[in-house]
Amino acid sequence: MIGRRAALALPLAAAARDADAQPRRPRRIGYVHSVSIGPANNATRIIGGHLRQRGFVDAQTLFLRAGRGDPAVLERAIEELLAHDPGALIAVGAPAVFAAARLGRGVPVVAVDLETDPVAAGLAASDARPGGHVTGLFLDQPSLAGKWLDLLLELAPATRHVVFLWDPATGPHQRDVAVVQAGRRRLTAAVVNPFDTDALPSALARAARGTVGVVMLTAPGITEHLGRIGGMLQAMGVPGVTFLANFVGSGFAMGYGVDQPHYFARAAVLAERILDGEDPGAIPIERPTRFRFAIDLRATGTLGLAVPHTLLALADEVLE
Amino acid sequence: MKRRGLSLAQRLTLAFLGLVGAVLLVNGSISMWFAYREATEAAVRVEQEKADAAADRVAQFIAELEQQIGWTTRADWARVPMEQRRYDFIRLLRQAPAISEVLYVDGEGRERLRLSRLEPDVLDSGTDLSADARFRGARENRVWYGPVTFRRGSEPYMALAMVHAGRNPGATIAEVNLKLIWEVMTAIRVGGTGYAFVTDTAGRLIAHPDMSLVLRDTDLSALPQVAGAIAGAGERVRAARGVDGRAVLSAHATIPRLGWIVFVEQPTSEALAPVYAAAYQTLALLALGVVVALLAGVVLARRLTGPIRALQAGAERLGQGDLAQRIDVEARDEIGTLALRFNEMAVRIQDAQETLEANVADRTRELAESLDDLRAAQDRLVQTEKLASLGQLTAGIAHEIKNPLNFVNNFAELSIDLLAELRDAMDRADGAIAPALRLEIDELCGMLRDNLAKVTAHGRRADSIVRNMLAHSREGKSERRRVDINALVEESLNLAWHGARAERPGFNVAIDKRLDPAAGQLDLYPQEFTRVLLNLFGNAFHAVQQKDKAGFQPHLLVSTQARAEEVVVTVRDNGTGIPETVRSHIFEPFFTTKPPGQGTGLGLSLSHDIVVQQHGGRIEVATAPGEWTQFNVTLPRMPAEQGRAA
């Protein structure tokens with residue numbers, strides 16, 4: 001009976017839906033990451049995984065390219081993607097978002113950008129109605145830097161010096177806020193490019209042991225370097241906070257940030273809606289709703305730090 | 001068969017179809033109507049229940065938040081250390097993901113603690129919030145729900161403020177990110193493709209399974225169902241257009257303390273699927289019924305009209321004269337009976353026809369026979385009349401010739417006598433006449449005498465002919481008496497035989513007599529009839545004599561044959577027979593095949609006269625030229641007078 005009802009209802013429903021359907025776009029997605037599309041890359045893994053689950057096939061309907069942190073490579077990657085006539089581009093990281101918006105020739109862009117204010121940057125008219133061909137996931141929340149500093153201070157109250165890991169490609173806004181926030185807490189601050197392998201040890205070496213901590217600001221494509229940086233922090237006995245709540249365990253003591261698997265999955269959903277014919281200019285920009293806090297008790301133990309119960313109460317995930 | 005538009009079969013089929021179709025239609029319409037009403041009511045009920053359930057879920061979402069915030073509204077909370085308060089707030093944020101920011105405001109309206117997911121914690125800022133709507137609302141209402149605001153014009157937020165217990169209480173204010181109701185909304189199942197959404201009392205969309213609609217700060221107050229719900233008027237369930245323009249069945253329930261309205265909408269097609277199913281079912285049944293009725297109608301009409309057509313065709317063929325036509329109808333009903341009667345009728349007509357034809361044939365045959373008889377009689381009559389008139393003519397001629405002939409004969413005889421007297425006179429005048437002269441005269445006289453003797457002889461012959469001719473008119477003159485016919489035949493045969501032997505001593509013939517003793521006595525003219533017999537026998541002897549053939553055995557059969565009313569005398573010879581050209585003339589006077597001087601040609605003519613005219617009998621001839629000739633003389637037993645009168 002249910003089957004028959006469904007059979008009766010479906011054609012009607014389908015007819016009703018077809019009546020106001022917009023022209024569909026080619027069911028091909030170009031994915032460009034500012035830095036990396038390696039298997040360890042968080043966004044690529046999450047978004048690519050969702051798209052493949054939805055039936056997209058690599059090199060047929062799903063094309064992945066990386067900018068390798070080089071604007072020229074990024075532009076070339078976008079041109080390559082456009083050659084496949086994609087129905088939508090998914091751009092991860094501010095450089096890729098801007099490049100895709102600029103070079104995309106009107107192909108809708110679903111942005112995954114944790115640093116940029118899309119309205120201020122001119123990518124969208126408003127959150128509710130972006131109006132252009134760029135929409136997606138934006139988190140311009142530089143105030144999070146204060147949050148990370150507080151978490152660091154709560155774990156290691158002796159901290160007097162903080163090293164910010166900042167990717168220049170994400171823009172200076174976050175760095176500036178972070179430095180100001182550090183000053184408010186009477187901390188001296190240094191800024192280091194996380195992709196620069198030599199800069200961090202020298203920066204850490206400058207401060208006395210036990211008084212220095214590391215805050216990793218958002219940086220696309222950094223996940224592949226987490227192990228290296230985390231290992232360095234462990235080796236040097238430095239507490240670190242990262243924006244990647246899901247990658248605690250690599251040597252950072254804590255992670256607080258967007259629930260990436262939950263949030264990034266929306267990029268795949270929005271991209272598919274655009275392929276189905278929705279106007280990207282009418283798809284509101286989505287801000288994250290869920291944040292995670294994770295703490296690695298092994299790392300804190302190595303550092304010889306006692307974890308206050310407030311931190312434990314806040315933690316969504318505790319590694320022991 | 002064009003006199004009507006539709007055949008009987010078609011009309012029967014249509015009638016059956018119409019009847020069954022009408023019944024099915026009425027039945028289907030009624031059941032469809034009831035099914036429609038029932039399903040509609042059920043759908044309305046279900047929608048209402050779903051709306052209530054959805055409202056409960058949304059209210060539950062808020063109620064859980066209240067419950068969790070409730071941990072921080074204890075009376076002793078104002079006295080606990082700040083660290084404990086912060087810990088409680090951290091736990092609150094940890095437990096309630098929808099809360100993005102939480103504040104503690106003391107009894108004086110000063111902000112004492114603020115925790116946010118995005119901002120650093122703020123302790124004891126002392127910001128004066130005593131005039132803040134959230135604080136005032138909490139103080140006045142114990143629990144206060146702020147209006148829904150859209151941050152950056154996109155994300156829906158609502159402040160939830162709860163006053164603490166105790167004297168001069170503070171308040172906990174939570175900013176709730178209503179995006180998280182999304183999980184509640186997507187969890188609400190409304191049929192297969194139905195959905196639920198929430199608006200505030202201004203019609204602004206708070207929650208919808210399609211997050212984008214909410215983030216777009218959609219104003220739905222233009223939708224009639226939303227407007228109706230805001231006004232609190234109208235039914236709780238109504239047909240409407242959904243947010244996406246589809247026809248839906250919309251139901252709503254309000255959450256009064258929040259001022260929210262929860263809608264559930266299900267596509268009409270889906271909500272009314274049972275109705276459609278019932279309708280399709282009814283239609284399918286109707287179609288099936290009509291098809292069955294059509295088939296049944298066709299079959300019935302065929303079965304009904306088939307025999308009728310057979311009847312019709314049979315009647316037509318019968319009408320065209322095919323009387324052997326039978327109608328093969330197996331039905332045992334009225335039509336079968338009709339066909340039976342028809343067949344019986346056809347049998348009777350055929351019988352009558354056959355009888356009629358037989359009768360006509362009989363009559364025709366009888367008529368033909370009568371006609372033949374009549375013709376024969378006419379022929380005979382004509383022949384008889386012809387022969388009779390010929391006979392009379394002959395008699396008349398003879399009568400006229402007789403006197404001159406008598407003169408010739410008499411004077412010839414007299415001249416002979418006179419010649420004798422002349423010789424006597426010359427004898428007496430012997431010597432007076434020179435001997436030579438005398439010799440010459442004697443010679444002349446002798447020649448005269450011879451001539452006269454010839455005149456006399458031929459005169460006698462002529463006289464005999466004339467007498468025979470006169471015999472035609474000599475009827476009724478001899479005596480008539482009863483005679484033994486067999487004796488008469490035997491006597492005449494003897495006479496003829498001896499006559500023939502006398503004429504030709506070497507003549508011989510085998511005579512076969514088969515006289516029927518039952519022939520008996522007949523009333524006839526013996527003298528005349530003997531002439532007939534003698535004539536027939538004479539002809540027969542002549543015929544066998546004429547036949548000149550090696551090894552030929554002349555044979556004559558004479559028989560009498562007694563019949564009920566007549567006696568037949570048969571004379572059959574195996575002589576020359578009578579040629580075809582001659583046969584029709586043999587009874588005419590003066591017709592003869594014999595060389596001149598040997599027959600008068602009156603024998604058979606007379607015989608015919610005697611048998612037919614005098615005795616009222618018949619004389620017939622049958623012959624095979626060169627083989628045989630047979631004369632049949634039939635004499636009636638009844639008195640000749642009667643025969644003649646007949």
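On helix H11(B), the face turned away from the buried side carries the exposed residues B:Asn494, B:His498 and B:Ala502. The model described here is predicted. Two parts of chain B are treated below: helix H11 (residues 485–503) and an open sheet of 6 strands.

**Helix H11**

- The buried residues of H11(B) are B:Ile485, B:Asn486, B:Leu488, B:Val489, B:Ser492, B:Leu493, B:Ala496 and B:Ala500.
- Around the axis these residues cover an arc of only 155 degrees, which places them on the same side of H11(B).
- An α-helix has 3.6 residues a turn, so residues three or four places apart point the same way.
- The cover over the buried residues of H11(B) includes strands S12 (481–484), S13 (510–514) and S14 (521–524), helix H12 (526–546), and strands S15 (555–562) and S16 (566–573) of chain B.
- With 19 residues at 1.5 Å a residue, H11 of chain B should span 27 Å, and this agrees with its end C-alpha atoms, which are 27 Å apart.

**The open sheet**

- The strand order in chain B is S3-S2-S1-S6-S5-S4, with antiparallel pairing.
- Strands S3 (122–123) and S4 (143–151) of chain B stand at the edges; each has a single partner strand, so one side of each is left without a neighbour in the sheet.
- Strands S1 (residues 99–105) and S2 (residues 111–116) of chain B run antiparallel and are joined by 5 bridges.
- B:Glu101 has B:Ser116 in S2(B) as its bridge partner.

**Helices packed on the sheet**

- Helix H2 (residues 82–95) of chain B touches S1, S2 and S3 of chain B, and its direction makes about 35 degrees with that of S2(B).
- Helix H3 (residues 133–141) of chain B touches S1, S4, S5 (155–163) and S6 (171–177) of chain B, and its direction makes about 45 degrees with that of S5(B).

Methods:
Residues are numbered from 1 along each chain as its sequence is written. Chains are lettered from A and ligands numbered from 1 in the order in which they are written. This is a predicted model: local features need pLDDT of at least 70, side-chain atom pairs count only at pLDDT 80 or more; totals for chains, interfaces and linings use all residues. Two strands pair if DSSP finds at least two bridges between them. Helices (H or I, at least four residues) and strands (E, at least two) are DSSP runs, numbered from the N terminus. Two residues are in contact if their C-beta atoms, placed from the backbone, lie within 7 Å. Axes are lines fitted to C-alpha atoms, for helices over the stretch in contact, and angles run from 0 to 180 degrees between N-to-C directions. The expected span of a helix is 1.5 Å times one less than its number of residues. A residue is buried if 20 or more other C-beta atoms lie within 10 Å of its own, exposed if 12 or fewer, and partly exposed in between; C-beta atoms are placed from the backbone. The arc is that of the directions from the helix axis to the C-beta atoms.
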